[in-house]
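Open the model in your viewer and show it as a cartoon. The stops below go from the whole chain to single residues.

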Amino acid sequence: MSRLDLVIKSAAVFTGKKLEPASILIADGRIKGLAPLDFQLPGETACKDYGTLPVLPGLIDTHVHINEPGRSEWEGFATATKAAAAGGITTLIDMPLNSIPSTVTVAALEEKKAAAEGQLYVDCGFYGGLIPGHAKHIGPLVDAGVFGFKCFLIDSGVQEFPHVSQSDLLEGLPLIARNNVPLLAHCELISERSPLPAQTGDPRKFLSFLNSRPPALERAAIELMARLSGDFGAAVHVVHLSDATSLDIIEKARKSGARLTVETCPHYLTLNAESIPDGNTLYKCTPPIREKKNQEELWRGLSSGFIDMVVSDHSPCSIDRKLLSQGDFFRAWGGIGSLQYTLSATWTGARARGLPLETVVSWFSERPADFVKLTGRKGRIAPGYDADLLAWDPEESFTVTEQNTFHKHTLSLYTGQVLYGKTKATYLRGQLIYADDLHHKQAGRMIFR
Ligand SMILES: [Zn+2]
């Protein structure tokens, strides 16, 4: 046996489909192989035995807004990646908005990279953005290593990232298909059949806001994207699905060969419109959190394997933009800070529904890895993969406090909630980066496609 740097043992290593006893052999930051639990260590090899605690692949979150440069007061690379490490996330992909500039050119990507330099606690990749008139930047951004492109079909909330029209999509999708990268679409569309309702009613009532963003907007957008995906043979990804009735559109499109994938988020899975307090704009995001009945349909979509993955859509802002003193749902910034609690919040909901941990882990590991073509590098505990690992206690609960939150803005809708599933240790390429509430080595790198 050649030299090993570290061996991690557990009676419950996630080996792809199940949790089973194994020793994970690590050298040069990679998994060299798996061996039986009683594997005899060569010589002086360091060993960490986690007993019966599950050891999982480090999580991959393919939907995070870091906002630096330009809006670093909203969120930054150091705080976001610290929070990720504490939440067991070892790889994240940064969205092209709400930083300034948006990542819509190679020059803007260079600014992103300069801002991220020296700040990363976990690995971080980037998406490019597709905005009107920018299709010509798709090829150069792919060559520069972005993992896909994000677009909006409705106002994005920031003026430097305008939404695309159908003609922009007709121009961009052939290039998306040719470069074999996914187009991630914010799916809400105003059309003749799905007009935007007037903002009426008490702005402090969540119901007023909910009524202003009906499921018809999501359905119209998903219908359009499903059709265009089929027409161009382009991979299209529906981000943050909120409306479960849209799942039938996706199913039909997939059956006819469209390359359509879909994600949802912990806030849609664990919170519901009926229980959102009046005036608490921490709960505002778009599309909105919908009713309890819809939520159970999302769980059904996930547990049947139809929804591909769960992502945070961590999209914080400076706290003043939440207008908490007015509690105005129409005017407050729409976005939820949740990166650190993505797995615990989702697991808390899954556990209550009797779903096994093995199923939940796949939403955060192999599936997102396949989606951004990190297969072979990240998302599995298997030979040749980066030794990105998470020792995690699914039965330990904790209360979310501002003190134990590492996001730039520590107040979130999860503050005060009791969640199940505690990170005991996070490893990135075989190096301990977080354990027992403390960060260790800052070992994150920028990654490219
Ligand atoms: Zn987002």
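How many helices and strands does the secondary structure of the protein come to? There are 12 helices and 18 strands. The model is a predicted one. Turn the view along the principal axes: the C-alpha trace spans about 70 × 45 × 40 Å. Of the 449 residues, 55% are buried. Among contacts between residues at least 6 apart in sequence, 74% join residues at least 24 apart.

**Stop 1: a sheet**

Select the six strands β9 to β14. They form an open sheet in the order β9-β10-β11-β12-β13-β14, with parallel pairing. Strands β9 (128-129) and β14 (309-310) stand at the edges; each has a single partner strand, so one side of each is left without a neighbour in the sheet. Now select residues 149-152, which are β10, and residues 183-186, which are β11: these two strands pair in the parallel sense over four bridges. Within this pair, phenylalanine 149 has leucine 183 as its bridge partner.

**Stop 2**

Next, centre on valine 238. Beyond its neighbours within four places in sequence, its contacts include Ala185, Cys187, Ile222 and Met225. Ile250, Leu260 and Val262 are also in contact with valine 238.

**Stop 3: two cis peptide bonds**

Most residues other than glycine have a negative phi, and most peptide bonds are trans. Go to the loop between β7 (89-94) and α2 (106-116), where asparagine 98 lies. The bond joining leucine 97 and asparagine 98 is cis, with omega about 20 degrees. Proline 101 is in the loop between β7 and α2 as well, and the peptide bond from isoleucine 100 to proline 101 is cis, with omega near 0 degrees.

**Stop 4: two positive phi values**

Select arginine 429, in the loop between β16 (418-428) and β17 (431-435). Its phi is positive, near 45 degrees. Is arginine 429 buried or exposed? Arginine 429 counts as buried, because 21 C-beta neighbours lie inside 10 Å. Finally, select aspartate 437, in the loop between β17 and β18 (438-439). Aspartate 437 has a positive phi of about 70 degrees. Aspartate 437 is exposed, with 12 other C-beta atoms within 10 Å.

Key:
Residues numbered from 1 in each chain as written. Predicted model: local features only at pLDDT ≥ 70, side-chain atom pairs only at ≥ 80, totals over all residues. Pairing = 2+ DSSP bridges. Contact = placed C-beta atoms within 7 Å. Buried ≥ 20, exposed ≤ 12 C-beta atoms within 10 Å, placed from the backbone.
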